[in-house]
Amino acid sequence: MMGESLGDQMWHLLISLSEDHSARVMASLMAGSFFKHCISVWFHRNRCNYFVTVGRVSAIFCYPVKSCRWLSVERAWCTRLGISYKDVGDRQWMFVRPNNAFLSQRQEPKMSLITPNVDEEDCLQLEAPEMKPLRLPKKSKNQKKNIISCSVWGNEISGQDCGDEAATWICDYLQKDGYRMVYSGDNLEKRNVKPKQYSPIQNAQCVYQDSSPYHLLSQASIDDINSRINKEVTVYNFRPNILVEGCMAFDEDCWDEIRIGTNVTFHYIEPCSRCLLPSVEPNTGEKDPEMEPFKTLQSN
């Protein structure tokens, strides 16, 4: 999990797959975990700018609606709150349960079949099997109306209720009552990131992501997991924003600062928690009966 380093600026910086210099990944490397806190304090006090090339970006993903399918893009803007594509932010929308806690594939694995698209009329469109498309404006006309308090992993955050049409759509698709949809407009407060361990980034924020605005993963780590289980999982099981190739398995766990291209720098915040979500088959919406790869990840 990562936070973007932009100081107090609100610039949007571009990452791209189409140009070699834009896709190259460089990192400052840290020592073993036992010394990580002490070395990280020294490193950031001394502002060491030593970077080595560790790989290249091979895929970029934006997930407009939390726990739904992805947009696979050639280039995207990096903002303080996550990936943005055509003014659609990462996890900027979210479905909630009757108690206004977030809804995910953990409760409703069929959410993995809800596909987002940005249509020609500047709307976010959601499609699902045997459902008519749901079209949502990318920007609410009145962002101060119908604001409700929601929660993500017990952390309170506001959202604008998207209305009865969106609520009826998700309830009809999942065959459950009481679900609603919320949107985080520019005027609403965001969640402060609370790292589980020391991090030099103390002011990072996110929207409806689980714990940080960015998630980076390497293809080598996925390949390593596949070598240890009796099924094949893909990048789509793990839902990162940035996929890197050309490094060794789990090298990304040791990257303290990450520079993509020449102008986008990320700071390591914390490892992504091992959870049940990768055990949902993204193309069928069914949980793996053996709970893989979760079971194997838990054993290591």
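**Sheets, helices and cores in the predicted model**

In helix H4 (residues 219-226), the buried residues are Ala 220, Ser 221, Ile 222, Ile 225 and Asn 226. The model is a predicted one. Cover for the buried residues of H4 comes from elements including strand S18 (216-218), helix H5 (235-238), strand S19 (242-245) and H6. An α-helix has 3.6 residues a turn, so residues three or four places apart point the same way.

Helix H3 also has a buried set. Ala 166, Ala 167, Trp 169, Ile 170, Cys 171, Tyr 173 and Leu 174 are buried in H3. These buried residues pack against S9, S11, S12 and strand S15 (180-183). Gln 175 follows H3 and has a positive phi, near 60°.

Strands of a sheet pair through backbone hydrogen bonds, either parallel or antiparallel.

S9 and S15 run antiparallel and are joined by four bridges. Here Met 94 has Val 182 in S15 as its bridge partner. Two bridges pair S14 with S15, again in the antiparallel sense. Across this pairing, Gln 160 is opposite Tyr 183 in S15. Strand S14 (residues 155-161) also pairs with S13, antiparallel, over six bridges. Ser 149 has Ser 158 in S14 as its bridge partner.

The other open sheet has three strands in the order S10-S11-S12, with antiparallel pairing. Its edge strands, strand S10 (115-118) and strand S12 (134-137), each pair on one side only. The twist here averages 25° from one strand to the next. Four bridges pair strand S11 (residues 123-127) with S12 in the antiparallel sense. Cys 123 is opposite Pro 137 in S12. Helix H3 (residues 164-174) packs on this sheet and touches S11 and S12. The direction of H3 makes about 145° with that of S12.

In soluble globular proteins, nonpolar side chains tend to be buried together. The largest nonpolar core of the model has 46 residues. Phe 95, Ile 114, Leu 126, Ile 170, Met 181 and Trp 255 touch the most other members. H3 contributes the most to this core, giving six residues. Phe 95 has contacts beyond its neighbours within four places in sequence, and these include Val 65, Cys 68, Phe 102, Leu 103 and Met 111. Also in contact with Phe 95 are Ile 114, Leu 126, Trp 169, Ile 170 and Met 181, among others. Another core, of 13 residues, lies apart from the largest one. Its members include Trp 70, Val 235, Leu 243 and Leu 297.

Arg 91 is in the loop between strand S8 (88-89) and S9. With a relative accessibility of 11%, Arg 91 counts as buried, because the limit is under 20%. Leaving aside neighbours within four places in sequence, the contacts of Arg 91 are Tyr 63, Pro 64, Lys 66, Val 207, Tyr 208, Gln 209, Arg 239 and Asn 241. The C-alpha atoms of Arg 91 and Pro 213 are 9.1 Å apart, although the two residues are 122 residues apart along the chain.

Asp 288 also lies in a loop, between strand S23 (286-287) and helix H6 (294-298). Its relative accessible area is 15%, so Asp 288 is buried. Not counting residues up to four places away in sequence, Asp 288 touches Lys 231 and Ser 279.

The structure holds zero disulfides. A disulfide is a covalent bond between the sulfur atoms of two cysteines. For Cys 162, the closest cysteine sulfur is that of Cys 150, at 9.8 Å, which is too far for a bond. Cys 162 counts as partly exposed, with 25% relative accessibility. Cys 171, by contrast, counts as buried at 12%.

Definitions and conventions
Residues are numbered from 1 along each chain as its sequence is written. This is a predicted model: local features need pLDDT of at least 70, side-chain atom pairs count only at pLDDT 80 or more; totals for chains, interfaces and linings use all residues. Side-chain values use heavy atoms; hydrogens and water are left out. Two strands pair if DSSP finds at least two bridges between them. Axes are lines fitted to C-alpha atoms, for helices over the stretch in contact, and angles run from 0 to 180 degrees between N-to-C directions. Contact means heavy atoms within 4.5 Å. Buried means under 20% relative accessible area, exposed over 50%, partly exposed in between (1.4 Å probe, protein chains only). A disulfide is a pair of cysteine sulfur atoms within 2.5 Å. A nonpolar core is a set of buried Ala, Val, Leu, Ile, Met, Phe, Trp, Tyr and Cys residues joined through side-chain atoms within 4.5 Å.
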